[in-house]
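Here is a short briefing on one structure.

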Amino acid sequence: MGHVDVDAFDSLLGDEGQALLSGLRDYDPAKELATATRLRRDHPPALVSAALTQATLRQRAVAKFGPEDAHRMYFTPNGVEQSTRTSVAAYRAARFAEFGVRRMADLCCGIGGDAIALARTGISVLAVDRDPLTCAVARANAQALGLAELIEIRCADVTDIDTRPFDAVFVDPARRGGRGRVFDPEAYSPPLSWAIEAARTTPRAALKIAPGVPHEAVPEDAEAEWISDHGQVKEAVLWFGTARPGLRRATLLPSAHSLVGTPHLPAPEPGPVGRWLYEPDGAVIRAHLVADVAARVGGRLIDPTIAYITTDELRPTPYATAYEITDVLPFNLKKLKALLREREVGIATIKKRGSAVEPEQLRKKLRLEGGNACTIVLTRAKGSPTMLLGHPA
C-alpha cells in the first residue's frame, strides 16, 4: 500500500473521492493491480492509490470498529494497528462519563478512536496529535460520524498542551519504535513518566499502557486496570483521581464484569487436582488476581507457579473457564496416544501452561481420528509435568 500524503487524503473527501470509495466497499485487495489499472483510466493516479489504500484499511478496521463505523471512517496503517477497539474505548468513555467529566484532553489521539467514544457520551474533547496526516484523518472521522461539534483536533506536540483547564486527560503514548513494539515504558513517545505527570494536572486521568507492564512501574496513586475482550487481553489502563489508588482490577468485555483485587490476599495453598479445573481470564492473570478468583470458587492452585485453580465442586465464575477433568496423568506421549485412540478422540483442544511441549507439534504426533472431542491440558502439578484430560464444563 502506497504512502498517502495529506493532499491526496484531502482529495478523497471531495465528491470524486467519495464516489470512488463507495464503489470500493467490497473491493478484493488481491486484485489491487487490475482494479488500479481500471480506475486510473478515469481518475487521477494519486486519488486512485489513496482510495485503494483506504478501502483496504477500512476492511482491516472492521474487526476493531464494526462494519457500520469502519466503512464510514478513515484510517492510516498505523492508526488501524494502534487504535483502541470500539468495545474498550466505549467502556473507558463510560467510566469517564460516570465520573462526571464534561471536558477533556485526549493526548496522542491518533485517528480518533477514543475521542469518538468520549464524544458519543456527550463529553467535549480536545484531541491532539503531532502528525499532520493523522490529524486530517481524525478530523475527517469526527465529521463523518457527526461529532465535529464535540471534537476539536489540534495538530501539536502533546507536551506543549496546558491540561489544567480540563476535567480529565487521556494519554495513549505511541508504543512502537522503528523496530516494532516498545516494552520499556520510558521509551514510549511521550515517555510514561511525562504522561504520569500530565495525569496529575487534572482531577481525573487515564493512561493507556501495554498489558505486559511490570507491576513495579505502576505509581502508588494510580488504579491499574487490565481489560480483555472476548478472552483476549487488549490493554492496561492507569487511572488517576479514582477513589481507590493502589487498586488492581480486571475487566472482561463484552460482559463488563469487573474483578476488584483484595489487598494483601495470600496466595491459595496448592493441592491435588480435583474434578474441576479453572483457567482464569488473561486480564485476571495480568492483574495478579488469580488468588481472588481462587477465593471466590473456594479453590486451590495445582502448583504454586501455575495459574490454574482446581476444586472438587463446580462453582462457575465469569472470571475463569471451567473444565471437568476425567484423567490426571504424568506426562507420557505413548500413554496419551493410546488413551485418545481407545476413546476415539478426533478433535482435541490442546492447552498448555508451564509446559515446554508445543501444542501443534504434539497434535501432529497424536494423529487423532474419531468422532469424540477432548480437552488436553499440559501443565505442571506439584512440580512435575502432568497431562489433564477433560472437557469444558
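A crossing of two helices is left-handed if the near helix is turned anticlockwise from the far one by less than a right angle, and right-handed if clockwise. By that rule, α3 passes α4 in a right-handed crossing. The model is predicted: local features need pLDDT of at least 70, side-chain atom pairs count only at pLDDT 80 or more, and totals for chains, interfaces and linings use all residues. Residues are numbered from 1 along each chain as its sequence is written, and side-chain values use heavy atoms, without hydrogens and water.

**Helix pair**
- Helices (H or I, at least four residues) and strands (E, at least two) are DSSP runs, numbered from the N terminus.
- The axes of α3 (residues 32-40) and α4 (residues 45-70) come within 9 Å and cross at roughly 140°.
- Axes are lines fitted to C-alpha atoms, for helices over the stretch in contact; angles run from 0 to 180 degrees between N-to-C directions.
- On the α3 side, E32, T35, A36, L39 and R40 meet P45, V48, S49 and L52 of α4 (contact: heavy atoms within 4.5 Å).

**Cavity**
- A search of the whole structure finds one cavity of 30 Å³ or more.
- A cavity is a set of points on a 1 Å grid over the protein atoms alone where a 1.4 Å probe fits but cannot get out; lining residues have an atom within 4 Å of a point.
- Grid points are joined across faces, edges and corners, and the volume is the space filled by probe spheres set on the points.
- The volume of the largest cavity is about 30 Å³.
- Its lining consists of L21, L24, R25, A55, R58, Q59 and H71.
- α4 gives the most to this lining, with three residues.

- Residues 320-392 are 25% helix and 52% strand, with end C-alpha atoms 11 Å apart.

**Backbone**
- The L253 to P254 peptide bond is cis, with omega near 5°.
- P254 lies in the loop between β10 (248-253) and β11 (257-260).
- C108 is not a glycine, yet has a positive phi of about 65°.

Methods:
1 Å grid on protein atoms, 1.4 Å probe; cavity = no way out; pocket = protein on both sides within 12 Å on 5 of 7 lines; lining within 4 Å.
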